[in-house]
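Please read it with the sequence and the model side by side.

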Amino acid sequence: MALRGRISSGLLLLLICASSSLAALVQEQPLILKYHNGALLKGMVTVNLIWYGTFTPIQRSVIVDFLQSLNSTASQQPSAGSWWKTTEKYKGAAAGPNLVVGKQFLEETYPLGKSLSNSDIVLLAAKGGRSAVNVVLTAKDVAVDGFCMSRCGTHGSTGGAGRFAYAWVGNSETQCPGYCAWPFHQPIYGPQAPPLVPPNGDVGVDGMVINLAAVLAGTVTNPYNNGYFQGPPTAPLEAVTACTGVFGSGAYPGYAGKVLVDASSGASYNANGVNGRRFLLPAMWDPEISQCVTLV
């Protein structure tokens with residue numbers, strides 16, 4: 001469309017500068033996650049995995065490699081390990097947390113059926129015992145209360161003296177990849193940009209890595225619902241969920257941001273891991289600068 005009239009170069013420069021300044025002000029608006037004086041998880045933290053339903057050995061290896069990458073210093077930069085180090089900046093967490101993969105339980109016969117409640121998740125998590133973070137991972141044909149409607153994963157804790165922290169993440173490949181595996185699938189609403197190619201060739205499992213990253217960061221920085229979060233305790237914004245949809249610089253709704261792309265496969269990633277793995281990890285809130293930060 002042709003402009004009516006003309007804008008002088010000086011006025012144009014002024015408008016551009018004003019626009020840039022306004023954008024900078026909006027961009028630098030601090031995001032505050034309040035610390036509620038509760039305990040954080042630090043030091044060595046064992047993570048037990050409860051696989052519920054059918055997962056291939058390759059799918060399981062992607063998840064395990066991701067977890068082992070979080071404390072690896074050998075990976076090429078940018079790395080999953082450098083992403084995880086942001087959790088050390090949270091008050092009281094200077095000694096870690098150092099995640100270690102513990103026991104793995106395979107529940108391939110669907111002993112509780114293929115439709116699970118929240119209490120079922122806690123029951124499954126209890127298989128890992130009370131001295132670890134127990135993570136339940138549900139297969140693509142398992143429905144969980146709230147899955148694909150209001151959540152892709154969650155974390156919580158049991159009460160009492162023997163309390164333990166737990167987390168759950170589901171494989172959304174066949175149920176809601178546009179909701180829980182974006183940006184590896186077109187979103188169910190909003191701008192319909194082409195999806196990114198998943199770095200491990202599995203939309204569902206690469207989506208699980210994103211959501212597992214989010215719930216684990218929330219687990220160590222807000223394990224008992226009195227750590228770092230913003231908003232009501234029943235629906236808190238936490239270390240990663242406060243930065244939803246941001247994977248690289250310049251991100252905006254519907255656009256994941258500028259990430260790295262493998263020249264041969266076309267896969268998108270922003271973090272290197274062990275065993276040659278690559279992952280796409282979400283932005284995490286940095287308490288030192290009160291902003292969401294990305295690896296690239």
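1. Which side chain meets lysine 85 in a salt bridge? In this predicted model, the partner is glutamate 88, with a distance of 3.3 Å from N to O. Lysine 85 is partly exposed, at 46% relative accessibility, and glutamate 88 also counts as partly exposed, at 32%.

2. A search of the whole structure finds 8 salt bridges, and another of interest is the one that glutamate 288 forms with lysine 89, in which the closest N and O atoms are 4.0 Å apart. This pair links distant parts of the chain, since glutamate 288 lies in the loop between strand S14 (284-286) and S15, while lysine 89 lies in the loop between helix H3 (80-84) and strand S3 (98-107), 199 residues apart. Glutamate 288 is exposed, with a relative accessible area of 60%, whereas lysine 89 is partly exposed, at 34%. For the reader who wishes to look at this region on the model, Lys89, Asp286 and Glu288 are linked in a network of salt bridges.

3. A salt bridge also brings together the side chains of lysine 140 and glutamate 173, at 3.9 Å from N to O. Here too the pair links distant parts of the chain, with lysine 140 in the loop between S5 and S6 and glutamate 173 in the loop between S8 and H5, 33 residues apart. Lysine 140 is partly exposed, with a relative accessible area of 37%, and glutamate 173 counts as partly exposed as well, at 34%.

4. Turning to the cysteines, the structure holds 3 disulfides, and when the bonded cysteines of the chain are numbered in sequence order, the pairing reads 1-3, 2-4, 5-6. The disulfides are taken one by one in the points that follow.

5. Cysteine 148 is joined to cysteine 176 by a disulfide with an S to S distance of 2.0 Å. Cysteine 148 lies in the loop between S6 and strand S7 (153-157), and cysteine 176 in the loop between S8 and helix H5 (177-180), so the pair ties together parts that are 28 residues apart in sequence. The torsion about the S-S bond of this pair is about -70 degrees, and the disulfide is therefore left-handed. Both cysteine 148 and cysteine 176 are buried.

6. A disulfide also connects cysteine 152 with cysteine 180, the S to S distance being 2.1 Å. Because cysteine 152 sits in the loop between S6 and S7 and cysteine 180 in helix H5, the pair ties together parts that are 28 residues apart in sequence. With a torsion of about -85 degrees about the S-S bond of cysteine 152 and cysteine 180, this disulfide is left-handed. Cysteine 152 is buried, with a relative accessible area of 13%, and cysteine 180 counts as buried at 5% relative accessibility.

7. What joins cysteine 243 to cysteine 292? The link is a disulfide, with an S to S distance of 2.1 Å. Cysteine 243 is placed in the loop between strand S9 (228-229) and strand S10 (260-261), and cysteine 292 in strand S15 (residues 291-293), so the pair ties together parts that are 49 residues apart in sequence. The link between cysteine 243 and cysteine 292 is left-handed, with -85 degrees about the S-S bond. Cysteine 243 is buried, with a relative accessible area of 3%, whereas cysteine 292 counts as partly exposed at 30% relative accessibility.

8. Which residues of helix H4 are buried? In this helix, which spans residues 118-125, they are Asp120, Ile121, Leu124 and Ala125. These residues cover an arc of only 135 degrees around the axis, which puts them on the same side of H4. What covers the buried residues of H4 includes strand S2 (44-52), strand S4 (115-116), strand S5 (133-138), strand S6 (143-144) and strand S8 (165-170).

Definitions and conventions:
Residues are numbered from 1 along each chain as its sequence is written. This is a predicted model: local features need pLDDT of at least 70, side-chain atom pairs count only at pLDDT 80 or more; totals for chains, interfaces and linings use all residues. Side-chain values use heavy atoms; hydrogens and water are left out. Buried means under 20% relative accessible area, exposed over 50%, partly exposed in between (1.4 Å probe, protein chains only). Helices (H or I, at least four residues) and strands (E, at least two) are DSSP runs, numbered from the N terminus. The arc is that of the directions from the helix axis to the C-beta atoms. Contact means heavy atoms within 4.5 Å. A disulfide is a pair of cysteine sulfur atoms within 2.5 Å.
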